[in-house]
Amino acid sequence: MDARDLLQRVLRLEGKGYGAYKDLKGRYRFEDFELIIDKVQADPFAPPSLFRLRIFSDRAQLPAWAYANPSRQIGLENFLAWVAEKEARRLTKRLGTGKGGLILVHGPGQEMFRRTAVEVGPEGEIELRFFVGLPAAGRRILAKEARKLLLETLPLLAKALFYENLPRDLLKRFVETNEDADFLRTRLKELGLIAFVADGSILPRASGVDPRPARGAVPFKAPESLAVEVELPHRGRVRGLGIRPGVTLIVGGGFHGKSTLLRALELGVYNHVPDDGRELVVTEPSAVKIRAEDGRQITGVNISPFIGRLPFGKDTTSFSTPCASGSTSQAANIMEALEMGARVFLIDEDTSATNFMIRDARMQALISKEKEPIIPYLDRVRELYEKFGVSSILVIGGSGDYLEVADTVIAMDHYLPVDVTQRAREVVKEFPLARKREVEGPFSLPAPRRFAPQSFPRDRKGPRAKALDRILWGREQIDLGALEQLVDRDQTNAMAYALEILAERLSRGDNLPEAVSKICEEVEREGLHRLSPLPRGDLAAFRPFELAGALNRLRSLKIRHD
Ligand code: ADP
Ligand code: MG
(Lines give C-alpha, C1' and ligand atoms only; values in the text may rest on other atoms or scores of the structure.)
(Ligands and ions follow the chains in the order given, each with its own letter.)
Protein backbone atom coordinates (compact mmCIF):
# COMPACT_ATOMS: atom_id res chain seq x y z
CA MET A 1 0.00 0.00 0.00
CA ASP A 2 1.11 3.55 -0.56
CA ALA A 3 0.32 7.09 0.50
CA ARG A 4 -2.77 7.17 -1.72
CA ASP A 5 -4.22 4.10 -0.04
CA LEU A 6 -3.66 5.77 3.30
CA LEU A 7 -5.43 8.88 2.06
CA GLN A 8 -8.42 6.79 0.92
CA ARG A 9 -8.61 5.08 4.26
CA VAL A 10 -8.42 8.32 6.18
CA LEU A 11 -11.12 9.98 4.09
CA ARG A 12 -13.46 7.09 4.80
CA LEU A 13 -13.12 7.73 8.52
CA GLU A 14 -14.83 11.15 8.52
CA GLY A 15 -17.43 11.36 11.27
CA LYS A 16 -16.93 7.79 12.46
CA GLY A 17 -16.34 6.65 16.04
CA TYR A 18 -12.77 6.52 17.33
CA GLY A 19 -12.55 2.73 17.04
CA ALA A 20 -12.59 3.02 13.23
CA TYR A 21 -9.01 4.37 13.41
CA LYS A 22 -8.00 0.72 13.83
CA ASP A 23 -8.35 0.38 10.04
CA LEU A 24 -5.20 2.46 9.65
CA LYS A 25 -2.95 -0.26 11.01
CA GLY A 26 -0.50 -1.31 8.32
CA ARG A 27 2.43 -0.26 6.12
CA TYR A 28 2.36 2.55 3.59
CA ARG A 29 5.04 3.37 1.10
CA PHE A 30 5.72 7.06 0.59
CA GLU A 31 8.28 8.59 -1.71
CA ASP A 32 11.04 8.93 0.87
CA PHE A 33 10.04 6.44 3.53
CA GLU A 34 7.71 3.74 4.63
CA LEU A 35 5.15 4.62 7.32
CA ILE A 36 4.21 1.78 9.62
CA ILE A 37 1.33 2.00 12.04
CA ASP A 38 1.85 -0.84 14.51
CA LYS A 39 -0.83 -0.09 17.04
CA VAL A 40 -3.77 2.28 17.17
CA GLN A 41 -4.92 3.67 20.50
CA ALA A 42 -8.41 2.63 21.65
CA ASP A 43 -9.57 6.14 22.52
CA PRO A 44 -8.24 9.70 22.51
CA PHE A 45 -7.09 9.46 26.13
CA ALA A 46 -5.35 6.09 25.86
CA PRO A 47 -1.57 5.92 25.48
CA PRO A 48 -0.82 7.29 21.99
CA SER A 49 -0.52 5.07 18.91
CA LEU A 50 2.73 3.32 17.95
CA PHE A 51 4.23 4.59 14.70
CA ARG A 52 7.40 3.98 12.72
CA LEU A 53 9.06 5.75 9.83
CA ARG A 54 11.60 3.79 7.83
CA ILE A 55 13.54 6.37 5.88
CA PHE A 56 15.25 4.94 2.80
CA SER A 57 19.03 5.18 2.87
CA ASP A 58 19.23 6.86 -0.55
CA ARG A 59 17.02 9.66 0.82
CA ALA A 60 18.61 9.96 4.23
CA GLN A 61 22.11 10.04 2.68
CA LEU A 62 23.82 9.53 6.01
CA PRO A 63 27.60 9.45 5.58
CA ALA A 64 29.00 5.96 6.17
CA TRP A 65 31.70 7.15 8.60
CA ALA A 66 28.97 8.21 11.04
CA TYR A 67 27.86 4.61 11.60
CA ALA A 68 31.06 2.76 10.75
CA ASN A 69 31.29 1.11 14.21
CA PRO A 70 28.88 0.56 17.11
CA SER A 71 30.22 3.53 19.10
CA ARG A 72 29.66 5.95 16.26
CA GLN A 73 26.33 4.37 15.42
CA ILE A 74 25.03 4.91 18.97
CA GLY A 75 26.25 8.50 18.89
CA LEU A 76 24.50 9.02 15.57
CA GLU A 77 21.29 7.38 16.75
CA ASN A 78 21.18 9.54 19.85
CA PHE A 79 21.78 12.59 17.72
CA LEU A 80 18.97 11.67 15.31
CA ALA A 81 16.62 10.97 18.23
CA TRP A 82 17.54 14.34 19.70
CA VAL A 83 16.78 16.10 16.38
CA ALA A 84 13.57 14.13 15.87
CA GLU A 85 12.35 14.90 19.37
CA LYS A 86 12.79 18.62 18.84
CA GLU A 87 11.22 18.49 15.38
CA ALA A 88 8.28 16.43 16.66
CA ARG A 89 7.66 18.98 19.38
CA ARG A 90 7.74 21.76 16.80
CA LEU A 91 5.34 19.91 14.51
CA THR A 92 2.88 18.98 17.25
CA LYS A 93 -0.37 20.92 16.96
CA ARG A 94 -2.57 19.71 19.78
CA LEU A 95 -6.19 19.61 18.75
CA GLY A 96 -9.53 18.13 19.76
CA THR A 97 -9.77 15.71 22.65
CA GLY A 98 -7.12 13.99 24.74
CA LYS A 99 -3.78 13.40 23.06
CA GLY A 100 -5.03 14.49 19.61
CA GLY A 101 -2.28 15.89 17.40
CA LEU A 102 0.59 14.76 19.61
CA ILE A 103 3.80 13.63 17.93
CA LEU A 104 6.29 12.36 20.48
CA VAL A 105 9.84 11.10 20.10
CA HIS A 106 11.86 9.95 23.11
CA GLY A 107 15.27 11.52 22.61
CA PRO A 108 18.26 11.40 24.95
CA GLY A 109 18.65 13.37 28.18
CA GLN A 110 22.26 13.99 29.24
CA GLU A 111 23.31 10.37 28.70
CA MET A 112 23.80 8.47 25.49
CA PHE A 113 23.04 4.79 25.25
CA ARG A 114 21.18 2.58 22.84
CA ARG A 115 17.57 3.59 22.61
CA THR A 116 14.78 2.28 20.42
CA ALA A 117 13.64 5.74 19.26
CA VAL A 118 16.11 5.62 16.39
CA GLU A 119 17.95 2.75 14.82
CA VAL A 120 20.30 3.20 11.89
CA GLY A 121 20.56 0.07 9.75
CA PRO A 122 23.67 -1.38 8.10
CA GLU A 123 23.03 0.50 4.83
CA GLY A 124 22.27 3.80 6.53
CA GLU A 125 18.50 3.45 6.54
CA ILE A 126 16.81 5.10 9.52
CA GLU A 127 14.02 3.61 11.56
CA LEU A 128 12.32 6.22 13.73
CA ARG A 129 9.87 4.87 16.32
CA PHE A 130 7.51 7.31 17.94
CA PHE A 131 4.06 8.05 19.31
CA VAL A 132 1.12 9.80 17.70
CA GLY A 133 -2.19 10.96 19.19
CA LEU A 134 -4.83 10.48 16.49
CA PRO A 135 -7.19 13.47 16.55
CA ALA A 136 -10.85 13.37 17.59
CA ALA A 137 -13.60 15.60 18.87
CA GLY A 138 -14.97 13.65 21.79
CA ARG A 139 -15.00 10.13 20.37
CA ARG A 140 -15.61 11.30 16.81
CA ILE A 141 -12.74 11.03 14.36
CA LEU A 142 -11.40 14.29 12.89
CA ALA A 143 -10.48 12.93 9.47
CA LYS A 144 -9.31 16.18 7.91
CA GLU A 145 -6.91 16.78 10.75
CA ALA A 146 -5.76 13.17 10.66
CA ARG A 147 -5.10 13.50 6.97
CA LYS A 148 -3.01 16.59 7.49
CA LEU A 149 -1.09 14.95 10.30
CA LEU A 150 -0.36 11.70 8.48
CA LEU A 151 0.14 12.94 4.95
CA GLU A 152 1.67 16.37 5.45
CA THR A 153 3.24 16.59 8.88
CA LEU A 154 4.90 13.17 9.17
CA PRO A 155 6.77 13.61 5.87
CA LEU A 156 8.24 16.80 7.37
CA LEU A 157 9.41 14.82 10.39
CA ALA A 158 11.12 12.35 8.04
CA LYS A 159 12.74 15.12 6.02
CA ALA A 160 14.22 16.65 9.14
CA LEU A 161 16.45 13.57 9.39
CA PHE A 162 17.88 13.81 5.88
CA TYR A 163 21.57 14.55 6.06
CA GLU A 164 21.14 17.72 4.02
CA ASN A 165 18.79 19.12 6.69
CA LEU A 166 20.76 18.14 9.76
CA PRO A 167 23.10 20.42 11.72
CA ARG A 168 26.20 18.56 10.57
CA ASP A 169 28.70 20.00 13.02
CA LEU A 170 26.57 18.76 15.86
CA LEU A 171 26.13 15.36 14.22
CA LYS A 172 29.88 15.05 14.07
CA ARG A 173 30.24 16.05 17.72
CA PHE A 174 27.69 13.46 18.91
CA VAL A 175 29.46 10.72 16.95
CA GLU A 176 32.94 11.75 18.06
CA THR A 177 31.97 12.38 21.66
CA ASN A 178 30.47 8.94 21.96
CA GLU A 179 33.41 7.23 20.32
CA ASP A 180 35.96 9.07 22.48
CA ALA A 181 34.10 8.15 25.68
CA ASP A 182 33.84 4.48 24.69
CA PHE A 183 37.49 4.45 23.72
CA LEU A 184 38.48 6.01 27.02
CA ARG A 185 36.42 3.48 29.00
CA THR A 186 38.00 0.53 27.20
CA ARG A 187 41.47 2.03 27.80
CA LEU A 188 40.95 2.33 31.58
CA LYS A 189 42.27 -1.13 32.32
CA GLU A 190 45.51 -0.69 30.36
CA LEU A 191 46.02 2.63 32.08
CA GLY A 192 45.60 0.89 35.42
CA LEU A 193 42.56 3.00 36.31
CA ILE A 194 38.98 2.52 37.42
CA ALA A 195 37.90 6.07 36.60
CA PHE A 196 39.09 9.16 34.76
CA VAL A 197 37.94 12.78 35.05
CA ALA A 198 39.29 15.04 32.32
CA ASP A 199 40.60 18.51 33.06
CA GLY A 200 38.04 21.11 32.08
CA SER A 201 35.07 18.89 32.93
CA ILE A 202 32.04 20.67 34.35
CA LEU A 203 30.66 18.45 37.10
CA PRO A 204 27.89 20.37 38.93
CA ARG A 205 24.35 20.42 37.52
CA ALA A 206 22.06 23.41 37.02
CA SER A 207 19.91 22.29 39.96
CA GLY A 208 18.74 19.24 41.85
CA VAL A 209 16.02 18.70 39.26
CA ASP A 210 17.84 19.98 36.18
CA PRO A 211 20.64 17.69 34.99
CA ARG A 212 22.07 20.20 32.52
CA PRO A 213 25.49 21.67 33.39
CA ALA A 214 25.65 24.48 35.92
CA ARG A 215 26.71 27.86 34.54
CA GLY A 216 29.80 29.54 35.87
CA ALA A 217 31.11 26.40 37.51
CA VAL A 218 34.78 25.86 38.39
CA PRO A 219 36.23 23.55 35.70
CA PHE A 220 37.87 20.39 37.00
CA LYS A 221 41.66 20.20 37.12
CA ALA A 222 43.66 17.21 38.29
CA PRO A 223 46.54 17.68 40.73
CA GLU A 224 49.91 16.92 39.12
CA SER A 225 50.58 13.85 41.27
CA LEU A 226 47.35 12.12 40.17
CA ALA A 227 47.28 13.36 36.59
CA VAL A 228 47.17 10.91 33.70
CA GLU A 229 47.37 11.65 30.00
CA VAL A 230 45.62 9.71 27.31
CA GLU A 231 45.31 10.02 23.55
CA LEU A 232 41.75 9.91 22.21
CA PRO A 233 40.76 9.25 18.58
CA HIS A 234 39.08 12.65 18.11
CA ARG A 235 39.92 14.91 21.01
CA GLY A 236 43.60 13.99 20.84
CA ARG A 237 45.71 14.23 23.99
CA VAL A 238 43.70 14.71 27.19
CA ARG A 239 44.91 15.19 30.75
CA GLY A 240 42.87 14.38 33.81
CA LEU A 241 42.52 12.75 37.19
CA GLY A 242 43.15 9.03 37.13
CA ILE A 243 41.63 7.00 39.95
CA ARG A 244 43.47 3.74 40.57
CA PRO A 245 42.04 0.51 41.93
CA GLY A 246 42.07 0.23 45.71
CA VAL A 247 40.50 2.45 48.33
CA THR A 248 40.11 6.09 47.36
CA LEU A 249 38.72 8.72 49.70
CA ILE A 250 37.23 12.00 48.62
CA VAL A 251 37.51 14.27 51.63
CA GLY A 252 37.08 17.98 52.25
CA GLY A 253 34.87 20.53 53.90
CA GLY A 254 31.13 20.62 53.45
CA PHE A 255 29.95 22.25 50.22
CA HIS A 256 33.34 21.90 48.54
CA GLY A 257 32.16 19.56 45.79
CA LYS A 258 32.71 16.02 47.14
CA SER A 259 29.29 14.60 46.34
CA THR A 260 29.28 16.34 42.97
CA LEU A 261 32.47 14.51 42.00
CA LEU A 262 31.10 11.19 43.20
CA ARG A 263 27.84 11.76 41.30
CA ALA A 264 29.82 12.39 38.12
CA LEU A 265 31.70 9.11 38.70
CA GLU A 266 28.39 7.26 39.26
CA LEU A 267 27.15 8.44 35.88
CA GLY A 268 30.54 7.85 34.27
CA VAL A 269 29.33 4.32 33.52
CA TYR A 270 27.39 6.06 30.71
CA ASN A 271 28.48 8.35 27.91
CA HIS A 272 27.22 11.91 27.86
CA VAL A 273 25.93 14.19 25.13
CA PRO A 274 28.15 16.97 23.77
CA ASP A 275 28.29 20.03 26.06
CA ASP A 276 27.15 18.06 29.08
CA GLY A 277 30.44 18.85 30.79
CA ARG A 278 31.04 15.21 31.75
CA GLU A 279 31.80 13.84 28.27
CA LEU A 280 35.21 12.69 29.45
CA VAL A 281 34.26 11.55 32.93
CA VAL A 282 34.44 7.82 32.56
CA THR A 283 34.06 5.05 35.11
CA GLU A 284 34.61 1.34 34.89
CA PRO A 285 31.30 -0.24 33.72
CA SER A 286 30.74 -2.39 36.79
CA ALA A 287 30.89 0.48 39.28
CA VAL A 288 27.85 0.46 41.54
CA LYS A 289 26.58 3.23 43.80
CA ILE A 290 25.72 1.92 47.21
CA ARG A 291 23.50 3.68 49.70
CA ALA A 292 21.38 3.01 52.73
CA GLU A 293 17.77 2.28 51.91
CA ASP A 294 15.83 1.61 55.06
CA GLY A 295 12.42 0.08 54.55
CA ARG A 296 13.40 -1.97 51.53
CA GLN A 297 12.58 -5.64 51.12
CA ILE A 298 15.49 -8.10 51.37
CA THR A 299 15.11 -11.68 50.16
CA GLY A 300 17.56 -14.39 51.12
CA VAL A 301 20.74 -12.28 50.96
CA ASN A 302 23.90 -13.39 52.73
CA ILE A 303 24.75 -10.25 54.68
CA SER A 304 26.86 -12.12 57.25
CA PRO A 305 30.15 -10.43 56.22
CA PHE A 306 28.64 -7.21 57.60
CA ILE A 307 25.96 -8.30 60.02
CA GLY A 308 26.69 -11.06 62.51
CA ARG A 309 24.30 -12.38 65.13
CA LEU A 310 21.07 -10.42 65.12
CA PRO A 311 18.86 -10.12 68.21
CA PHE A 312 17.11 -13.44 68.93
CA GLY A 313 19.55 -15.37 66.73
CA LYS A 314 18.08 -14.36 63.37
CA ASP A 315 20.15 -15.90 60.56
CA THR A 316 22.11 -13.52 58.37
CA THR A 317 23.55 -15.97 55.82
CA SER A 318 20.19 -15.98 54.06
CA PHE A 319 18.61 -12.88 55.43
CA SER A 320 15.08 -11.77 54.59
CA THR A 321 13.03 -8.90 55.89
CA PRO A 322 10.13 -6.83 54.58
CA CYS A 323 11.60 -3.75 56.23
CA ALA A 324 15.36 -3.40 56.36
CA SER A 325 17.20 -1.01 58.66
CA GLY A 326 19.69 1.50 57.30
CA SER A 327 22.65 -0.77 57.96
CA THR A 328 21.09 -4.07 56.83
CA SER A 329 19.83 -2.40 53.64
CA GLN A 330 23.28 -1.05 52.85
CA ALA A 331 24.83 -4.47 53.54
CA ALA A 332 22.27 -6.12 51.26
CA ASN A 333 22.90 -3.56 48.51
CA ILE A 334 26.59 -4.43 48.64
CA MET A 335 26.12 -8.19 48.70
CA GLU A 336 23.59 -8.06 45.84
CA ALA A 337 25.99 -5.97 43.77
CA LEU A 338 28.80 -8.48 44.46
CA GLU A 339 26.50 -11.30 43.40
CA MET A 340 26.18 -9.49 40.05
CA GLY A 341 29.93 -8.96 39.70
CA ALA A 342 30.45 -5.34 40.80
CA ARG A 343 34.14 -4.36 40.85
CA VAL A 344 33.86 -0.82 42.20
CA PHE A 345 31.69 0.59 44.96
CA LEU A 346 30.82 4.26 45.11
CA ILE A 347 29.70 5.33 48.55
CA ASP A 348 28.77 8.76 49.89
CA GLU A 349 28.77 9.30 53.61
CA ASP A 350 25.75 11.62 53.08
CA THR A 351 23.55 8.68 52.07
CA SER A 352 25.06 5.93 54.21
CA ALA A 353 24.05 4.51 57.55
CA THR A 354 26.59 5.83 60.04
CA ASN A 355 26.74 2.58 62.02
CA PHE A 356 27.35 0.66 58.80
CA MET A 357 30.32 2.85 57.94
CA ILE A 358 32.04 3.16 61.31
CA ARG A 359 32.04 2.28 65.02
CA ASP A 360 34.58 4.35 66.88
CA ALA A 361 36.68 3.57 69.96
CA ARG A 362 34.33 5.09 72.48
CA MET A 363 31.31 3.28 71.12
CA GLN A 364 33.29 0.04 71.12
CA ALA A 365 34.04 0.66 74.79
CA LEU A 366 30.42 1.39 75.67
CA ILE A 367 28.64 -1.32 73.68
CA SER A 368 30.38 -4.65 73.78
CA LYS A 369 31.01 -6.54 70.54
CA GLU A 370 28.56 -9.28 71.59
CA LYS A 371 25.74 -6.75 71.46
CA GLU A 372 26.74 -5.15 68.17
CA PRO A 373 26.03 -7.33 65.13
CA ILE A 374 27.45 -4.85 62.62
CA ILE A 375 30.93 -5.22 61.19
CA PRO A 376 31.46 -1.76 59.74
CA TYR A 377 32.53 -1.19 56.15
CA LEU A 378 35.72 0.33 57.53
CA ASP A 379 36.80 -3.17 58.61
CA ARG A 380 35.95 -4.82 55.29
CA VAL A 381 36.99 -2.29 52.71
CA ARG A 382 40.62 -3.42 52.41
CA GLU A 383 39.71 -7.08 52.49
CA LEU A 384 37.27 -6.50 49.62
CA TYR A 385 40.06 -5.05 47.54
CA GLU A 386 42.89 -7.35 48.52
CA LYS A 387 40.94 -10.58 48.25
CA PHE A 388 38.52 -9.88 45.44
CA GLY A 389 39.90 -6.82 43.67
CA VAL A 390 36.79 -4.81 44.51
CA SER A 391 37.68 -1.13 44.82
CA SER A 392 35.90 1.56 46.79
CA ILE A 393 35.61 5.25 46.16
CA LEU A 394 34.22 6.87 49.28
CA VAL A 395 33.13 10.39 50.08
CA ILE A 396 34.16 10.90 53.67
CA GLY A 397 33.83 14.21 55.46
CA GLY A 398 33.41 13.14 59.05
CA SER A 399 35.19 9.92 59.83
CA GLY A 400 38.99 10.20 59.96
CA ASP A 401 39.31 6.50 60.84
CA TYR A 402 39.01 5.86 57.11
CA LEU A 403 42.41 7.50 56.51
CA GLU A 404 43.90 4.32 57.94
CA VAL A 405 42.58 2.14 55.10
CA ALA A 406 42.99 4.50 52.13
CA ASP A 407 45.40 4.11 49.23
CA THR A 408 44.67 7.57 47.90
CA VAL A 409 43.10 10.58 49.54
CA ILE A 410 41.74 13.38 47.38
CA ALA A 411 40.64 16.56 49.11
CA MET A 412 38.10 18.75 47.39
CA ASP A 413 39.00 22.35 48.06
CA HIS A 414 36.84 25.08 46.53
CA TYR A 415 35.70 22.49 43.95
CA LEU A 416 39.23 21.53 42.98
CA PRO A 417 40.90 18.21 43.84
CA VAL A 418 44.12 18.20 45.85
CA ASP A 419 46.22 15.11 46.52
CA VAL A 420 46.52 14.86 50.32
CA THR A 421 47.58 11.20 50.45
CA GLN A 422 50.98 11.97 52.02
CA ARG A 423 49.53 14.31 54.59
CA ALA A 424 46.89 11.69 55.44
CA ARG A 425 49.64 9.13 56.11
CA GLU A 426 51.30 11.56 58.51
CA VAL A 427 48.00 12.20 60.28
CA VAL A 428 47.51 8.45 60.68
CA LYS A 429 50.92 8.27 62.40
CA GLU A 430 50.27 11.32 64.58
CA PHE A 431 46.88 10.07 65.72
CA PRO A 432 47.07 6.30 66.05
CA LEU A 433 43.80 4.43 65.86
CA ALA A 434 42.29 3.67 69.24
CA ARG A 435 39.57 1.39 67.90
CA LYS A 436 39.85 -2.37 67.42
CA ARG A 437 39.21 -4.09 64.12
CA GLU A 438 35.92 -5.95 64.36
CA VAL A 439 36.22 -8.81 61.96
CA GLU A 440 35.09 -12.31 62.82
CA GLY A 441 35.23 -14.66 59.85
CA PRO A 442 36.78 -13.99 56.47
CA PHE A 443 34.72 -12.29 53.80
CA SER A 444 33.33 -14.73 51.29
CA LEU A 445 31.54 -13.77 48.12
CA PRO A 446 27.81 -14.53 48.09
CA ALA A 447 26.52 -17.59 46.24
CA PRO A 448 24.13 -16.83 43.35
CA ARG A 449 20.53 -17.07 44.49
CA ARG A 450 17.63 -18.95 42.91
CA PHE A 451 14.03 -17.92 43.33
CA ALA A 452 10.74 -19.78 43.60
CA PRO A 453 8.34 -19.59 40.63
CA GLN A 454 5.58 -18.29 42.91
CA SER A 455 7.68 -15.16 43.45
CA PHE A 456 6.26 -13.48 40.39
CA PRO A 457 2.88 -11.79 40.11
CA ARG A 458 0.51 -13.47 37.68
CA ASP A 459 -0.88 -10.55 35.84
CA ARG A 460 -2.00 -10.50 32.23
CA LYS A 461 -0.42 -7.12 31.62
CA GLY A 462 3.02 -7.91 33.01
CA PRO A 463 5.31 -5.38 34.66
CA ARG A 464 5.08 -1.77 33.42
CA ALA A 465 7.09 1.32 34.29
CA LYS A 466 5.05 4.06 35.92
CA ALA A 467 7.90 6.50 36.54
CA LEU A 468 11.68 6.57 36.39
CA ASP A 469 11.76 4.97 39.82
CA ARG A 470 8.61 2.88 39.85
CA ILE A 471 7.46 -0.33 38.19
CA LEU A 472 3.99 -1.71 38.68
CA TRP A 473 3.50 -5.47 38.38
CA GLY A 474 0.00 -6.67 39.14
CA ARG A 475 -0.55 -5.35 42.62
CA GLU A 476 3.16 -5.15 43.35
CA GLN A 477 4.95 -1.80 43.25
CA ILE A 478 8.70 -1.90 42.83
CA ASP A 479 10.44 1.16 44.21
CA LEU A 480 13.67 1.91 42.33
CA GLY A 481 14.43 5.21 44.05
CA ALA A 482 17.67 3.88 45.56
CA LEU A 483 19.07 2.78 42.19
CA GLU A 484 20.80 6.08 41.63
CA GLN A 485 22.48 5.06 38.39
CA LEU A 486 19.13 4.66 36.71
CA VAL A 487 18.74 7.97 34.88
CA ASP A 488 16.28 7.63 32.03
CA ARG A 489 12.63 6.67 32.16
CA ASP A 490 13.16 4.66 28.97
CA GLN A 491 15.63 2.47 30.85
CA THR A 492 12.90 1.72 33.36
CA ASN A 493 10.46 0.95 30.53
CA ALA A 494 12.91 -1.54 29.08
CA MET A 495 13.63 -3.07 32.47
CA ALA A 496 9.93 -3.60 33.06
CA TYR A 497 9.71 -5.69 29.89
CA ALA A 498 12.94 -7.46 30.79
CA LEU A 499 11.58 -8.36 34.22
CA GLU A 500 8.95 -10.58 32.68
CA ILE A 501 11.58 -12.47 30.68
CA LEU A 502 13.74 -12.63 33.79
CA ALA A 503 10.86 -14.12 35.78
CA GLU A 504 10.50 -16.87 33.18
CA ARG A 505 14.17 -17.75 33.31
CA LEU A 506 14.25 -17.71 37.08
CA SER A 507 11.13 -19.86 37.23
CA ARG A 508 12.93 -22.42 35.09
CA GLY A 509 15.69 -22.56 37.68
CA ASP A 510 18.41 -20.22 36.38
CA ASN A 511 20.19 -18.35 39.13
CA LEU A 512 19.98 -14.57 39.20
CA PRO A 513 23.34 -13.52 37.71
CA GLU A 514 23.01 -16.23 35.05
CA ALA A 515 19.50 -15.17 34.05
CA VAL A 516 20.30 -11.45 34.02
CA SER A 517 23.46 -11.81 31.96
CA LYS A 518 21.66 -13.98 29.40
CA ILE A 519 19.03 -11.29 28.94
CA CYS A 520 21.60 -8.52 28.71
CA GLU A 521 23.61 -10.52 26.16
CA GLU A 522 20.51 -11.12 24.06
CA VAL A 523 19.65 -7.44 24.13
CA GLU A 524 23.22 -6.59 23.17
CA ARG A 525 23.16 -9.05 20.28
CA GLU A 526 19.64 -8.67 18.96
CA GLY A 527 18.66 -5.19 20.08
CA LEU A 528 16.37 -3.72 22.66
CA HIS A 529 13.30 -4.08 20.48
CA ARG A 530 13.52 -7.78 21.28
CA LEU A 531 12.10 -7.00 24.73
CA SER A 532 8.68 -5.73 23.71
CA PRO A 533 6.10 -7.57 21.61
CA LEU A 534 5.61 -4.54 19.32
CA PRO A 535 8.35 -2.17 18.15
CA ARG A 536 8.20 0.93 20.33
CA GLY A 537 10.36 4.00 20.68
CA ASP A 538 10.51 4.30 24.45
CA LEU A 539 13.11 1.73 25.48
CA ALA A 540 16.72 2.37 26.42
CA ALA A 541 19.69 0.25 27.46
CA PHE A 542 20.10 -0.66 31.11
CA ARG A 543 22.82 -2.42 33.09
CA PRO A 544 22.63 -5.87 34.68
CA PHE A 545 22.96 -4.23 38.11
CA GLU A 546 19.81 -2.17 37.75
CA LEU A 547 17.77 -5.06 36.33
CA ALA A 548 18.83 -7.30 39.21
CA GLY A 549 18.21 -4.33 41.51
CA ALA A 550 14.61 -4.09 40.34
CA LEU A 551 14.05 -7.80 40.90
CA ASN A 552 15.66 -7.63 44.34
CA ARG A 553 13.10 -5.02 45.35
CA LEU A 554 10.08 -7.10 44.36
CA ARG A 555 8.27 -7.66 47.62
CA SER A 556 6.77 -11.01 46.62
CA LEU A 557 10.21 -12.49 45.86
CA LYS A 558 10.88 -15.85 47.53
CA ILE A 559 13.98 -18.01 47.72
CA ARG A 560 13.80 -21.40 46.02
CA HIS A 561 14.24 -24.27 48.46
CA ASP A 562 15.36 -27.37 46.58
P1 ADP B 1 29.87 18.42 49.44
O2 ADP B 1 29.42 17.03 49.09
O3 ADP B 1 31.35 18.55 49.50
O4 ADP B 1 29.21 18.97 50.64
P5 ADP B 1 28.53 19.19 46.98
O6 ADP B 1 29.20 18.30 46.00
O7 ADP B 1 27.17 18.83 47.43
O8 ADP B 1 29.46 19.41 48.26
O9 ADP B 1 28.56 20.64 46.35
C10 ADP B 1 28.07 21.75 47.03
C11 ADP B 1 27.52 22.77 46.05
O12 ADP B 1 28.54 23.26 45.20
C13 ADP B 1 26.44 22.22 45.14
O14 ADP B 1 25.42 23.18 44.99
C15 ADP B 1 27.17 22.01 43.84
O16 ADP B 1 26.30 22.09 42.73
C17 ADP B 1 28.19 23.10 43.84
N18 ADP B 1 29.38 22.73 43.08
C19 ADP B 1 29.97 21.53 43.07
N20 ADP B 1 31.04 21.53 42.25
C21 ADP B 1 31.13 22.78 41.74
C22 ADP B 1 32.03 23.43 40.83
N23 ADP B 1 33.04 22.75 40.26
N24 ADP B 1 31.81 24.73 40.54
C25 ADP B 1 30.79 25.39 41.10
N26 ADP B 1 29.91 24.84 41.96
C27 ADP B 1 30.07 23.55 42.29
MG1 MG C 1 28.03 15.83 50.09
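Predicted model: local features only at pLDDT ≥ 70, side-chain atom pairs only at ≥ 80, totals over all residues.
View 1. An oxygen atom of ligand 1 is 3.2 Å from an N or O atom in the side chain of Y415. The protein covers 75% of the 570 Å² of accessible area that ligand 1 has on its own. T260 also approaches through its side chain, with a polar atom 2.6 Å from an oxygen atom of ligand 1. V218 takes part through its backbone: one of its N or O atoms there lies 2.9 Å from a nitrogen atom of ligand 1.

**View 2. The residues around ligand 1.** The shell includes P204, A217 and V218, together with Y415. The run G253, G254, F255, H256, G257, K258, S259 and T260 also belongs to the residues around the ligand. By kind, the shell divides into 5 nonpolar, 6 polar and 1 charged residues.

**View 3. Protein donors of the magnesium ion, ligand 2.** S259 is in helix 6 (residues 258–267), whereas D350 is in the loop between strand 21 (344–348) and helix 8 (354–357), so the pair ties together parts that are 91 residues apart in sequence. S259 is also among the residues around ligand 1.

View 4. D350 is exposed, because its relative accessible area of 59% is over 50%.

Notes:
Residues numbered from 1 in each chain as written. Chains lettered and ligands numbered in written order. Heavy atoms only, no water. Near = heavy atom within 4 Å. Polar contact = N/O pair within 3.5 Å; in protein donor to acceptor, adjacent residues only side chain to side chain. Areas by Shrake-Rupley, 256 points an atom, 1.4 Å probe, with all protein chains shown as cover. Nonpolar A, V, L, I, M, F, W, Y, C, P; charged D, E, K, R; others polar. Donors = N, O, S within 2.8 Å, 3.2 Å for Na, K, Ca; no water. Helix = DSSP H or I, 4+ residues; strand = E, 2+ residues; numbered from the N terminus. Buried < 20%, exposed > 50% of the residue type's maximum accessible area, 1.4 Å probe, protein only.
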